[in-house]
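Please look over the model shown here before reading the comments. The notes take a pair of helices, then a pocket, then charged pairs.

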Amino acid sequence: EVEGEYGWKTTMAFSHEDDFEEKHPETHKAITTAIKIANPEKYPLSILTKEFIALEKKRLKPATCRRKEKHIQEFIEYSKDVEIKEITKKLCSDYAHSILEIKDPAHETLRNTILDISTLFSWAEGRGYTDFNPFYRLKLPLGRKKVQERIPWTDEDILRFLTSEFVGRNDFIATASALYTGMRIEEICMLKYKDIYDDLFHIYEGKTEAARRVVPVHSVLKNLVSSNESDNEEYILKGLVSGGYDTKRSSNFQKRQGKIRKKLDLPKGVVFHSLRNTVINKLHNNLIPLYNVEQIVGHKQK
């Protein structure tokens with residue numbers, strides 16, 4: 001409305017009065033966004049991102065797309081949604097350093113975050129919205145965190161965890177199931193009672209094609225995973241709230257597991273996925289043929 005009355009140049013000046021943004025933050029944001037959209041010479045990041053993500057959704061998995069959009073939106077907030085041609089290599093470098101300072105990620109995590117943002121600029125360069133990609137060959141700071149190496153659970157670790165007062169029904173069933181099957185945490189979280197029959201866990205999808213398999217139900221697990229319920233559609237782990245980029249049932253549950261391990265002061269390398277390594281090691285130590293081990297844990301056949 002202001003633009004229609006006064007023209008976009010006057011409106012831009014009006015919205016940039018010293019105290020205007022402070023007094024009217026929502027109005028200021030609405031006016032500046034409207035001006036950027038109305039002015040065909042301007043290409044603010046937020047507008048380009050909408051077009052870019054819409055195209056990415058056609059070729060990427062939803063989880064990958066959500067992750068990429070999140071990383072780009074965080075950069076837009078940092079850069080204050082300026083026009084794309086105003087983004088300099090110095091600003092990009094400053095942003096990478098700010099991530100390191102605030103989140104302290106592993107170097108690989110920082111690299112993947114920057115790559116997600118860089119794809120927007122590569123696309124924009126190809127479309128002529130900008131002359132170059134300022135993230136291209138950006139020298140990244142080294143992350144201070146090192147990726148923690150996973151280590152197998154000892155028998156003492158397992159007993160300490162399973163007998164803890166912090167461990168509930170879901171925690172116990174998931175840990176015991178992983179310990180006797182080598183299943184991944186998401187595979188266990190997605191199991192329904194209808195998937196357990198003929199003394200086998202039937203896994204229909206997973207991280208890889210090899211994840212589709214059947215796994216023997218150990219006698220120790222039979223009482224834990226049996227059900228008297230009439231609804232076989234019920235998950236064996238009940239009440240989980242999905243989360244994360246790809247809305248996995250295991251996302252929040254995995255965080256809970258981590259908090260319990262921290263309370264119990266278990267070694268940092270002992271994580272849920274380590275149970276999988278523990279199973280693989282025990283199978284190898286008992287001279288189970290590699291082919292059978294790969295079948296049980298869902299590794300690609302060599």
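The numbered points below concern a predicted model.

1. Start with two helices, α10 (residues 169–181) and α13 (residues 250–263). Two packed helices are described by the angle between their axes and the distance between the axes. Here the axes come within 11 Å and cross at roughly 95°. Angles of 65 to 115 degrees count as roughly perpendicular, so α10 is roughly perpendicular to α13.

2. Which residues make this contact? Helix α10 supplies Asn-170, Asp-171, Ala-174 and Thr-175, while α13 supplies Phe-253, Arg-256, Gln-257 and Ile-260. By class, the residues of the contact of α10 with α13 are three nonpolar, three polar and two charged.

3. Next, the largest pocket, with a volume of about 2,300 Å³. It is lined by 50 residues, and the closest to its centre are Ile-185, Asp-246, Lys-248, Ser-250 and Gln-254.

4. Several elements give two or more residues to the lining of this pocket: α6 (62–79), α11 (185–189), β2 (200–203), α13 and α14 (272–285). The largest share, six residues, comes from α13. Helix α13 is also the partner of α10 in the crossing described above.

5. How does the lining of the largest pocket divide by class? There are 22 charged residues, 15 nonpolar and 13 polar.

6. Finally, charged pairs. Side chains of opposite charge can pair when their charged atoms come close. The count for this model is 14 salt bridges. Lys-68 lies in helix α6 and Glu-56 in helix α5 (residues 45–56), so the pair, 12 residues apart, links distant parts of the chain.

Definitions and conventions
Residues are numbered from 1 along each chain as its sequence is written. This is a predicted model: local features need pLDDT of at least 70, side-chain atom pairs count only at pLDDT 80 or more; totals for chains, interfaces and linings use all residues. Side-chain values use heavy atoms; hydrogens and water are left out. Axes are lines fitted to C-alpha atoms, for helices over the stretch in contact, and angles run from 0 to 180 degrees between N-to-C directions. Helices (H or I, at least four residues) and strands (E, at least two) are DSSP runs, numbered from the N terminus. Angles under 35 degrees count as roughly parallel, over 145 as roughly antiparallel, 65 to 115 as roughly perpendicular and the rest as oblique. Contact means heavy atoms within 4.5 Å. Ala, Val, Leu, Ile, Met, Phe, Trp, Tyr, Cys and Pro count as nonpolar, Asp, Glu, Lys and Arg as charged, and the others, Gly among them, as polar. On a 1 Å grid over the protein atoms alone, a cavity is a set of points where a 1.4 Å probe fits but cannot get out, and a pocket is an open set with protein on both sides within 12 Å along at least five of seven lines; lining residues have an atom within 4 Å of a point. Grid points are joined across faces, edges and corners, and a volume is the space filled by probe spheres set on the points. A salt bridge is a side-chain nitrogen of Lys or Arg within 4 Å of a carboxyl oxygen of Asp or Glu.
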